Amino acid sequence: MHQLFRLVLGQKDLSRAGDLFSLDDSEIEDSLTEALEQIKIISSSSDYQTNNNDQAVVEICITRITTAIRETESIEKHAKALVGLWDSCLEHNLRPFGKDEDTPHAKIASDIMSCILQNYNRPPVMALAIPIAVKFLHRGNKDLCRNMSNYLSLAAITKADLLADHTEVIVKSILQGMINQKTCF
């Protein structure tokens, strides 16, 4: 792992996290999978929900990682680690605290979701992502569910067969969304 990622993630050093953006994407690209695995460990710790420093470090690192993945077009190389971190979010509370206040794991899930599912036209990435994506449909976070539905519809346009095994869950989510909308009026 790049020395700066090791420092920032190893010591959870918020004061140095912004320095990650001074590095060239190609300079850190080989470190991204290992950094994602370290983030998974940090975000799975028992005090992560209440540790603002750790949350800020993770948020900055995820932003830097997803930017580097997009700029280096290396989603296939890092998809397994991204999906692993994304999947780990399902082990935690994703329901918003207040009206517009997402939980720390919902924030991670949202950032990872957009990075992964913007690559809906890459079947190998979608093959890893779709089984995890559909699990988010019934986790009680309307914004995540709505965004997930949008991305899944794009995936269906390019590679519908990847969604075939998940049709029942998707239809139930659509019907539940329709019921929830009717009760809002």
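1. Disulfides first: searching the whole structure turns up 0 of them, a disulfide being a pair of cysteine sulfur atoms within 2.5 Å. Cys61 is buried, at 0% relative accessible area, and Cys115 is buried too, at 9%. Buried here is under 20% relative accessible area, exposed over 50%, partly exposed in between (1.4 Å probe, protein chains only).

2. Keep in mind that this is a predicted model: local features need pLDDT of at least 70, side-chain atom pairs count only at pLDDT 80 or more, and totals for chains, interfaces and linings use all residues. Residues are numbered from 1 along each chain as its sequence is written, and side-chain values use heavy atoms, with hydrogens and water left out.

3. Buried residues of helix 6 include His78, Ala81, Trp86 and Cys89. Their cover includes helix 4 (32–43), helix 5 (52–72) and helix 9 (142–159).

4. The largest nonpolar core has 54 residues, with Trp86 and Phe136 among those with the most contacts inside it. Such a core is a set of buried Ala, Val, Leu, Ile, Met, Phe, Trp, Tyr and Cys residues joined through side-chain atoms within 4.5 Å. Neighbours within four places in sequence aside, Phe136 is in contact with residues including Trp86, Cys89 and Met148 (contact: heavy atoms within 4.5 Å).

Note on methods: Helix = DSSP H or I, 4+ residues; strand = E, 2+ residues; numbered from the N terminus.
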